[in-house]
Amino acid sequence: MMTDRPLSNIRVLDFGQYLAGPLVGMMLADMGAEVIRIDPPGGPRFKSPASDMLARGKSSLVLDLKNADDRAVALDLAARSDVVIENFRPGVMKRLGLGPDDLREVNSGIISLSMPGFASTDPELAGLAAWEAVIAARTGQFTDMGLNRRLMGINPSFTPLALASAYGGAFGAMSVLFALAARDRKGGDHIEVPLASALLEGLVYNCEQIEDYPARYKSPREVELDRRTANGLPMNLRFEELSEFLDPFYRTYTCADGRGFYVVACSIAGHPQRALRTLGLSDLANELPDFSAYIDCKDWPAAWSARNYPVGAKDRARISSAMKAAFLTRPSHEWEALFGAAKAPGTAQRFTQEWLADPHALASGLVLVVDDPRYGKMRQMGNVAWIADDALAAAKQPGPTLDNARDRLGTILSERVRPAPVRTGKGGWLEGLKVLDLTNVIAGPTIGSTLARFGAEVTLVQPVEPSVDPWNAVVFGLHAQRGKKSILLNLKTPEGKDALTKLIAEADVITMNGTDEQRDKLGLSPDRLEKMNPRLILVQLDAFGGPLRGPKSDHLGYDDLAQAATGVMVRFGGGMATPEEHAHFGTIDVLTGFCACISLAAALERQNRTGKGGIARAALAAAGNLIQAQFMYDFEGRGPFDEPSGRETRGWTPFYHCYEAADGWMFFAAPEEQREALRAVPDLADLADQPEITLSAMLAERFATRPFAHWAAAFAGTSSTVVLLGSLHATRDTAIQRESDGAIDLTQATFRVIRHNRHPMGRWADLVAPNAVRPERGRITIPGPMPEYGTHTREVLGRLGYHPETIDAMIGAGAASESWSGNYLPE
């Protein structure tokens with residue numbers, strides 16, 4: 001076993017099946033942990049090349065956990081391990097004699113992770129057969145799937161993206177590693193990560209609700225939805241008609257080669273001008289007005305409509321028309337190179353299979369080639385988190401042959417039992433960690449707000465003149481900037497630079513979102529970090545960076561651009577002619593922030609062992625891989641990439657499908673039993689032998705004859721199930737606890753949302769509670785509300801040793817500031 005990898009001192013027992021548990025094991029193995037996959041007789045239940053990919057770097061040991069001798073072996077292994085992972089239904093491990101108490105009895109320092117579909121404490125949902133799509137259906141992932149589909153009257157829609165396992169896997173990996181890093185101080189811990197709770201946290205920006213939400217932030221599609229709803233008009237737009245309602249700087253254009261090119265250049269100062277000039281539209285770029293987006297609408301000049309997102313109706317059509325004509329003059333690959341060189345955010349649309357063969361993806365290590373004895377040269381997703389100086393981050397061993405760890409079992413069991421750590425009581429795993437946050441928009445700020453729940457002290461630095469519009473900085477910041485102190489500095493001035501240097505000197509961790517070029521320009525190159533503080537950890541995320549350098553490593557990008565580049569948008573839309581952003585805001589942004597927390601957690605664990613800091617990395621494109629993990633591989637002879645896609649999709653097979661009961665939509669899941677599940681239900685038994693090509697229609701007709709409660713009772717107590725289709729808004733509204741009512745419960749229900757009705761902006765805001773990670777010993781803190789930008793400028797400068805008169809002078813000279821706008825949320 002290598003000794004110089006970030007997690008080379010960690011041993012993990014991976015009991016996981018299907019996606020969530022194996023993903024956590026893969027993430028840890030990718031950073032050097034020794035991961036032993038505990039397989040049942042006959043091997044993993046998920047029979048797919050994806051299963052072999054998720055097992056890369058692991059070894060396999062077959063144990064029959066219903067056999068007393070094999071259970072004893074499992075406990076002996078646990079006594080010599082650091083981490084145990086499982087994603088069974090609540091209570092399964094306990095019944096096997098491998099529950100948290102059993103593990104602690106043999107190893108008081110063990111970190112055990114349980115990943116049920118729904119919270120084990122949830123009286124309504126804990127017992128559901130929680131297949132991936134059941135979790136998605138109940139939470140609301142398939143309902144009201146984006147503005148396009150709502151305007152087209154398409155509801156529900158199925159998507160095969162395994163978001164619950166992706167978000168849950170990220171929370172699972174980070175929490176295990178944070179607990180490990182704190183183990184010498186806090187002792188062992190048992191952690192539960194309900195996948196449905198993780199999914200709701202991942203889709204937080206689709207659940208956010210603000211009292212009296214100002215109309216200026218509503219996109220043209222939202223305005224049209226409101227108009228049609230208010231006037232009782234049908235939602236019947238055709239896809240071709242939707243372009244009228246798309247912002248010119250936030251949409252797909254057709255190029256000379258017929259391929260779509262996606263532009264996201266709407267909310268960062270200067271990006272619209274860069275996009276127009278790259279297209280040869282400099283005259284149009286020069287017409288764009290220049291004024292602060294942070295003043296209220298009543299104070300805007302007449303030519304306001306092209307300055308703020310969304311671009312107003314007056315300018316939308318003429319800008320879009322000019323951009324459409326320009327894109328048709330070159331093929332997509334030429335535009336991609338031009339946009340990248342100009343630092344204008346845009347990318348060609350690709351299919352997933354094309355991304356797996358993309359030269360940049362392969363050169364950067366975002367996609368890896370693994371020599372697998374079963375499949376030959378297998379292209380597969382790369383790391384989702386990594387440490388920059390880990391020389392083996394892009395080198396992978398293929399998934400194991402069954403039971404290949406048997407020969408080493410005696411050697412492992414001859415090791416000494418792991419020593420018991422010192423216990424010092426409960427507390428946040430990251431208490432005392434000082435984080436300097438230099439990020440903006442969603443993905444980067446998500447890092448700091450996530451760390452705050454575990455006890456970290458986070459100080460956010462932003463410029464005195466905002467570069468990001470209030471839609472991104474304030475509306476999205478209500479969640480992503482929680483739990484931080486905010487200071488505004490002008491880093492172009494000597495005084496601002498001096499204050500930043502002092503903040504860096506007191507920090508344990510710095511977070512930033514930007515390319516290597518941007519990082520080095522900010523003075524945070526690896527060499528300079530090493531000189532400043534060898535223990536300092538920089539957490540860096542960007543769009544297209546990887547463990548290695550590639551031709552697009554310094555291209556700018558945002559969530560939707562990662563979706564476009566990795567194949568998500570073409571998959572979701574159903575083809576190159578109809579690409580759509582995945583239905584939910586922040587699908588990849590939030591996940592990338594979580595992945596960056598994984599890389600930080602691995603860096604902290606390595607720092608504990610070696611005293612070494614370094615650069616912890618994540619990327620939007622890597623998270624784009626992660627949400628497609630179950631089909632993110634290719635090799636010669638692979639089956640077709642024919643997973644469900646497009647707007648009209650309702651399921652994967654007749655046995656994994658949305659159906660309408662007599663009183664509403666539900667999801668039916670019998671992925672293993674299939675026809676046996678039908679035979680067990682008298683109302684459906686006669687359909688069990690029908691050909692699959694016609695079975696979906698026949699089941700749809702039959703399910704429609706009875707209410708949901710009838711079908712729920714019919715499948716109760718089986719491993720098949722039906723569940724009502726929820727919506728994200730309904731899930732939010734039934735889970736609200738009011739801040740003013742006192743203590744907020746984070747441990748009982750699967751879903752929890754907080755109505756912050758004492759919010760400093762003067763409006764109430766509904767935000768998803770931080771309850772995806774539920775440790776037994778570690779403490780989770782609900783981060784305080786996002787401060788108005790600059791609220792803590794004087795306090796932070798005073799902490800750094802500046803005299804009040806000096807602070808006054810810095811603010812007067814523009815080296816620092818206390819505010820961006822007159823209102824917390826400009827109106």
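The structure is a predicted model, in which local features need pLDDT of at least 70, side-chain atom pairs count only at pLDDT 80 or more, and totals for chains, interfaces and linings use all residues. Residues are numbered from 1 along each chain as its sequence is written, and side-chain values use heavy atoms, with hydrogens and water left out. Among the points below are an open sheet of 3 strands, a set of 30 aromatic pairs and a count of 0 disulfides. Helices (H or I, at least four residues) and strands (E, at least two) are DSSP runs, numbered from the N terminus.

**The sheet β8-β9-β10**

- The open sheet has its 3 strands in the order β8-β9-β10, with antiparallel pairing; two strands pair if DSSP finds at least two bridges between them.
- At the edges are β8 (250-254) and β10 (346-348), each of which pairs on one side only.
- From one strand to the next, the twist averages 20°; axes are lines fitted to C-alpha atoms, for helices over the stretch in contact, and angles run from 0 to 180 degrees between N-to-C directions.
- Between β8 and β9 (residues 260-264) there are 5 bridges, and the two strands run antiparallel.

**Aromatic rings and charges**

- There are 30 aromatic pairs in the structure; rings of Phe, Tyr and Trp (its six-membered ring) pair if their centres lie within 6.5 Å, and planes under 30 degrees apart count as stacked, over 60 as edge-to-face and the rest as tilted.
- Y167 and F594 make an edge-to-face pair, with 6.4 Å centre to centre and 80° between the planes.
- That pair links distant parts of the chain, since Y167 belongs to helix α8 (residues 163-181) and F594 to helix α27 (residues 589-610), 427 residues apart.
- Both Y167 and F594 are buried (buried means under 20% relative accessible area, exposed over 50%, partly exposed in between, with a 1.4 Å probe and protein chains only).
- W429 and F454 are stacked, at 5.5 Å centre to centre with 25° between the planes.
- W429 sits in the loop between α18 (409-413) and β14 (434-437), and F454 in the loop between α19 (443-453) and β15 (457-463), 25 residues apart.
- W429 is buried at a relative accessible area of 3%, and F454 is buried at 1%.
- A cluster linked by ring pairs takes in Y253, F261, F327, W335 and F339.
- The charged end of R149 sits over the ring of F572, 3.7 Å from its centre; a charge sits over a ring if NZ of Lys or CZ of Arg is within 6 Å of the ring centre and within 35 degrees of the ring normal.
- R755 lies over the face of W764, at 3.7 Å from the ring centre.

**Cysteines**

- The model holds 0 disulfides, a disulfide being a pair of cysteine sulfur atoms within 2.5 Å.
- For C207, the closest cysteine sulfur is in C658, and at 18 Å it is too far for a bond; C207 is buried, with a relative accessible area of 1%.
- For C297, the closest cysteine sulfur is in C266, at 17 Å and again too far for a bond; C297 is partly exposed, with a relative accessible area of 32%.

**Helix α19**

- Helix α19 is mostly covered, with 11 of its 11 residues buried.
- Among the buried residues of α19 are P445, T450 and R453.
- After α19 comes G455, which has a positive phi near 105°.

- Strand β23 (residues 664-669) has 5 of its 6 residues buried, so it is largely enclosed by the rest of the structure.
- On one pairing, β22 (residues 656-661) joins β23 in the antiparallel sense over 6 bridges, and H657 stands opposite F668 in β23.
- β22 and β23 form a hairpin with 2 residues between them.
- β23 also runs antiparallel to β24 (residues 721-724), joined by 4 bridges, and A669 stands opposite T721 in β24.
- T653 is found in β21 (residues 651-653) and counts as partly exposed at 23% relative accessibility.
- T653 and A670 are 17 residues apart in sequence and 9.7 Å apart in space, C-alpha to C-alpha.
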